[in-house]
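Me: I would like to go through this structure in short questions and answers. Please keep to plain terms.

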Amino acid sequence: SVDLISASDDVHRFSAQVEEMVQSHMTYSLQDVGGDANWQLVVEEGDMKVYRREVEENGIVLDPLKATHAVRGVTGHEVCHYFWDTAFRNDWETTVESFQVVETLSDKAVIIHQTHKRVWPASQRDVLYVSIISKILSTNENDPDTWLVCNFSVDHDGYPPSARCIRAKINVAMICQTLISPPEGDKEITRDNILCKITYVANVNPGGWAPASVLRAVAKREYPKFLKRFTSYVQEKTNGEAILF
Amino acid sequence: GPGPHGGIAEFGGVLSKWTNYIHGWQDRWVVLKNNTLSYYKSQDEREYGCRGSLCLSKAVITPHEFDECRLDISVNDSVWYLRAQDPEHRNQWIDSIEQHRAESGYGSESSL
């Protein structure tokens, strides 16, 4: 069981929805899918495993995606910090053409509009979403705390869908737990003692129509590429720095 | 204090256990029973339920290479880091766990 600490000091008009999303990810997204026949392992590389379920609705591919990874030398707080803070977005993101923070809801929640690079032969997509960062305390000394970033689609009067792009809907979460092994003797904890377990889930409705084969090929290529690039980026950024627990 | 002794009966004793990065090593009451290792905050708190347990069937016990008091017990991704009072105390625990596991019918190849 988990206690949510974000809600009380972080109140805005999407607070209730944020809390619901966070609880849902904590309950369902962390479940192990390794032995689950509904999920197929599509890419495995080192500690990274990428799974998906093939789901189509009215000819639209909605494949839920889930990936797990274990990254040495970084904490969950650090991984979520670099994933959430838009100041670092252009350092690792390669699929976005442009983005802007539409509204700051609190110091842990923003609304973002972004336009993705066009993937031929599909039309260009844009997306409007709330992005939150949250720490969920463990209730038990044996289990680690959890850091989580969740990005989910919302509407905003200032940013209606345009004729230029198809509006995609997303519910994405980066969920991190830091495993720390005890250092030798009475030494300080170093990055050698740290391992971040990452669960990344992405539910994307591309909107409009796009050929299933193209969407699936793009997903299979882009998600592993993103996970590798992003986690290596966090390792590089934090290397030699004080540990942010 | 009393050292662990072999046999399938329950055995408990104090070991230092790595909790988390804030609290580090803490003394905990560890119990070996029913092919399971369980731990409690202290012996007095046993009646309030255990804080965690590991099934020993597939557990891997690793004496630490340099720290002669330390033994790590892992089941898949879950690892308990434990420290005994001294190297002899550690070896008593390792022997007790192995013997208990063997007598529970899960010890290596001898079970069938």
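Reply: A polar contact is a pair of N or O atoms within 3.5 Å; within protein, one must be able to donate a hydrogen and the other to accept it, and residues adjacent in sequence count only if both atoms are side-chain atoms. Helices (H or I, at least four residues) and strands (E, at least two) are DSSP runs, numbered from the N terminus. This is a predicted model, in which local features need pLDDT of at least 70 and side-chain atom pairs count only at pLDDT 80 or more, while totals for chains, interfaces and linings use all residues. Residues are numbered from 1 along each chain as its sequence is written, chains are lettered from A and ligands numbered from 1 in the order in which they are written, and side-chain values use heavy atoms, with hydrogens and water left out.

Me: At the start of H1(B), which backbone nitrogen does a side-chain oxygen of B:Asp86 reach?

Reply: Helix H1 of chain B covers residues 87-103. A side-chain oxygen of B:Asp86 comes to within 3.1 Å of a backbone nitrogen at the start of this helix, that of B:Glu88.

Me: Within what arc do the buried residues of H1(B) fall?

Reply: Buried means under 20% relative accessible area, exposed over 50%, partly exposed in between (1.4 Å probe, protein chains only). The buried residues of H1(B) include B:Trp93, B:Ile94 and B:Ile97. They line one face of the helix, because seen down its axis (directions from the axis to the C-beta atoms) they fall within an arc of 160 degrees.

Me: Which exposed residues does the face of H1(B) turned away from its buried side carry?

Reply: The buried residues of the helix pack against strands of chain B, among them S1 (11-18) and S2 (25-33); contact means heavy atoms within 4.5 Å. The face turned away from that buried side carries B:Glu88 and B:Asp95.

Me: Is B:Glu98 buried, partly exposed or exposed?

Reply: B:Glu98 also has its place in helix H1 of chain B. Its relative accessibility is 35%, so B:Glu98 counts as partly exposed.

Me: Which residue of chain A meets B:Asp77 in a salt bridge?

Reply: A salt bridge is a side-chain nitrogen of Lys or Arg within 4 Å of a carboxyl oxygen of Asp or Glu. There are 3 salt bridges between chain B and chain A. In one of them, at 2.5 Å from N to O, the side chain of B:Asp77 meets that of A:Lys197.

Conventions
Expected span 1.5 Å × (residues − 1).
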